[in-house]
Amino acid sequence: MASDRWLHPLGLLSGPAAFRAIGEGQALPLQGGDLAFSLARLIEDGREVATLPVAALPEDWGDEIEAITARPLPFAGLVSARPLVMGILNITPDSFSDGGRHFDPSAAIAAGHAMLEAGADILDIGGESTRPGAEPVLPETEIARIIPVVRELAKAAPVSIDTHHAATMQAALEAGAEIVNDVTALRHDPAAVDLLARTQTPVVLMHMPGTDPREMQAKAEYADVVLDVARFLRDRVATLEALGIARGRIAIDPGIGFGKTMAHNLALIEALPILAGIGCPIMLGASRKRFIGTLSGVEQAEARLAGSIAVALAGAARGAAILRVHDVAETIQALAVWQACANGSAGR
């Protein structure tokens, strides 16, 4: 049986320092992008083998090196000099983050246009809350909530539909949506796989223990949360690829806050570069999550802007290609300043 091998990139570099180190043979590019790593922890069959400079990595780890340094195809054909910013638009009466502020379609459409004006690359529209303990809704209810919003906003920008129901996916795609974002990684509804393979729709696969958000926190038990999540996503991508969904149309999401404790969330963010070895763009969705409130002492989700930006920048510095956020304008401003600081100027 083949070994279970993972490279954990360390000694991350960005900007001119990354390019110099790569040119001198002292670093390797992370997914072919603007970040590089000078060290790597070698993990085989669940145990650490060694931590080595990249120039000293063993030749028999060539497949793993190639996988983690190759540039994935642009997700949904979108190309950007910074991580893509996906604006969150919840068309629900019970969202943890905005308390149903966008439940009215006209309010949701206005909010979506405001996110686009602020620079959002994608709008992620959902009609069912997946917060811990949230009650499920029928696909018909979900469809009725989202379709007027999807139909209007899809005229202006790429729209992602946040759902695990195949019927909702199909209705949203017919209304103009271009991406599916499924918290169950297409495990909830068997018809979803056939639909996305047939329509060649880009999809985000998220890790969550089980397929029911009401039960996920009770299942927050892992032998090693980083490796368990990485293996799940790797195996899910391979399964769906075999079923007709090309790896080039898949992004992966470690599922921060979905069946995770605060310690789990922090471990996954710190080790985010491991997921680059799967060969798909990485999405990080940590905006306004409870662990940010716990760390910062901020009770209200809407007041967690500073903490959310801190997590977004931590993700960007570790290879996140897509940031799923509530506060679009502030996140884009933070990314611009972060990139300028890394590059040493605003013009390079």
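Trainee: What makes the nonpolar surface patch of about 250 Å²?

Mentor: M262, L266 and L295. The model is predicted: local features need pLDDT of at least 70, side-chain atom pairs count only at pLDDT 80 or more, and totals for chains, interfaces and linings use all residues. Numbering starts from 1 along each chain as its sequence is written, and side-chain values use heavy atoms, leaving out hydrogens and water.

Trainee: What makes residues a patch of this kind?

Mentor: Nonpolar side chains (Val, Leu, Ile, Met, Phe, Trp, Tyr) are joined within 5 Å, with over 30% relative accessible area and no salt bridge. A salt bridge puts a Lys or Arg side-chain nitrogen within 4 Å of an Asp or Glu carboxyl oxygen. Areas are Shrake-Rupley, 1.4 Å probe.

Trainee: Why is M262 called partly exposed?

Mentor: Its relative accessibility is 32%. Partly exposed lies between buried (under 20%) and exposed (over 50%), so M262 counts as partly exposed.

Trainee: Why is L186 called buried?

Mentor: L186 has 3% relative accessibility, so it counts as buried. R288, at 9%, is buried too.

Trainee: How do you know what counts as a cavity?

Mentor: On a 1 Å grid over the protein atoms alone, a 1.4 Å probe fits but cannot get out; lining residues have an atom within 4 Å of a point. The structure holds three of 30 Å³ or more. The largest has about 50 Å³, and its lining includes L284 and R324.

Conventions:
On a 1 Å grid over the protein atoms alone, a cavity is a set of points where a 1.4 Å probe fits but cannot get out, and a pocket is an open set with protein on both sides within 12 Å along at least five of seven lines; lining residues have an atom within 4 Å of a point. Grid points are joined across faces, edges and corners, and a volume is the space filled by probe spheres set on the points. Patches are made of residues with over 30% relative accessible area and no salt bridge: like charges are joined within 9 Å, nonpolar side chains (Val, Leu, Ile, Met, Phe, Trp, Tyr) within 5 Å. Buried means under 20% relative accessible area, exposed over 50%, partly exposed in between (1.4 Å probe, protein chains only).
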